[in-house]
Amino acid sequence: MEVIVRPSADEAASLVAWVIAKELRARPQLVLGLATGRTMEHLYGELVRLHREGQLDFSLCRTFNLDEYIGFSPSDPHSYRQYMENQLFRHVNIDPRNTHLPDGSSKDIKTECQHYEDMIRDCGGIDLQLLGIGTAGHIGFNEPLSALRSRTRDKALTPATFEQNAVMFGGNPDKVPRRAITMGVGTILESHRCIVLATGSQKAEIVAKAVEGPITSMVTASALQLHAHCTVVVDEAAAAELQCKDYYRWIFENEPEWTEYREEREKGVVAGKAKKKRSRRV
Ligand code: F6R
């Protein structure tokens, strides 16, 4: 695992967008695992911008979302399918047939979950999985005590998640669905690469537990410590409780991938503030 601390939420999202863009350019038929939530909104905005500027082609990309609420049809405005349509899919040239979310309105949830696992396997597995972290420590909707080997299944959500997601339901935690289909922790860990985006002070405590705490099913994000290629990108606010920030900053200065990012950023290829060259006074 490596941790990258960026000065702001925008710059954290911009770095994650850069990684996704780099992987998609290198492999146009990339199998991309996607997440929803407020943290991802700026990131999707950035991917849309890159696409509109002709820098990113989604025509061959295949996507699998982490989760979907049970009881909502794909056309329900509160469904994660609609979130994805609004934030990304309808703004880029992705083939709708290549976009996948679990169907939370299925009459047979068990079969739906197995079908989702089968589709991921038939695509050759997920190349790059995007993740957020919930205040309950979850990745996907793998709430505390989810088995670290779990597969796609239905899961009861915790009160902490009702509170966190209430904002999408007019601020009322009682309106947040009680169950969801989620990829399992085991499913997520099989992705070739994971990239986590977490921003804001409300995530500081759980980010420190996930990254520097013990691996435990009480904080399923901590299972990412077992992953061979996982990058956690946070802003300063979400990094506030990390103990080893100086070391993480050293990594950012010295790893070739991030040197490439910093060089592109200097040239203004990447979104965010590129350093302006001082104009010489005459
Ligand atoms: C959503 C998902 C969740 C969120 C997490 C953070 O598809 O998988 O794990 O990433 O709950 O949500 P926000 O960004 O709203 O704080």
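## Close-up views of helix packing and the ligand site

**View 1. Helices H2 and H3.** The axes of H2 and helix H3 (residues 80-87) cross at roughly 45 degrees and come within 10 Å. This angle makes H2 oblique to H3; angles under 35 degrees count as roughly parallel, over 145 as roughly antiparallel, 65 to 115 as roughly perpendicular and the rest as oblique. On the H2 side the contact (heavy atoms within 4.5 Å) is made by Met40, Glu41, Tyr44 and Val48, and on the H3 side by Tyr83, Met84 and Gln87. By class, the contact of H2 with H3 has five nonpolar, one polar and one charged residues. Ala, Val, Leu, Ile, Met, Phe, Trp, Tyr, Cys and Pro count as nonpolar, Asp, Glu, Lys and Arg as charged, and the others, Gly among them, as polar.

The model is predicted: local features need pLDDT of at least 70, side-chain atom pairs count only at pLDDT 80 or more, and totals for chains, interfaces and linings use all residues. Residues are numbered from 1 along each chain as its sequence is written, and side-chain values use heavy atoms, with hydrogens and water left out. Helices (H or I, at least four residues) are DSSP runs numbered from the N terminus; axes are lines fitted to C-alpha atoms over the stretch in contact, and angles run from 0 to 180 degrees between N-to-C directions.

**View 2. Helices H1 and H2.** Helix H1 (residues 9-26) packs on helix H2 (residues 40-52) at an angle of about 50 degrees, with the axes 9 Å apart. H1 is therefore oblique to H2. From H1, Asp10, Ala13, Ser14, Val16, Ala17, Ile20 and Ala21 meet His42, Leu43, Glu46, Leu47 and Leu50 in H2. The residues of this contact divide into eight nonpolar, two polar and two charged.

**View 3. Helices H1 and H9.** H1 and helix H9 (residues 256-267) have axes that cross at roughly 110 degrees and come within 11 Å. This makes H1 roughly perpendicular to H9. Glu11, Ser14, Leu15, Trp18, Val19 and Lys22 of H1 make the contact with Glu257, Trp258, Glu260, Tyr261, Glu264 and Arg265 of H9. The contact has five nonpolar, one polar and six charged residues.

**View 4. The ligand site.** Of the 14 residues around the ligand (a heavy atom within 4 Å), Thr36, Thr39, Asp67, His138 and Lys203 come nearest. A polar side-chain atom of Thr39 is 2.4 Å from an oxygen atom of the ligand. For Lys203, a polar side-chain atom lies 2.6 Å from a ligand oxygen atom. A polar backbone atom of Gly140 is 2.8 Å from an oxygen atom of the ligand.

Technical notes. Helix = DSSP H or I, 4+ residues; strand = E, 2+ residues; numbered from the N terminus. Polar contact = N/O pair within 3.5 Å; in protein donor to acceptor, adjacent residues only side chain to side chain.
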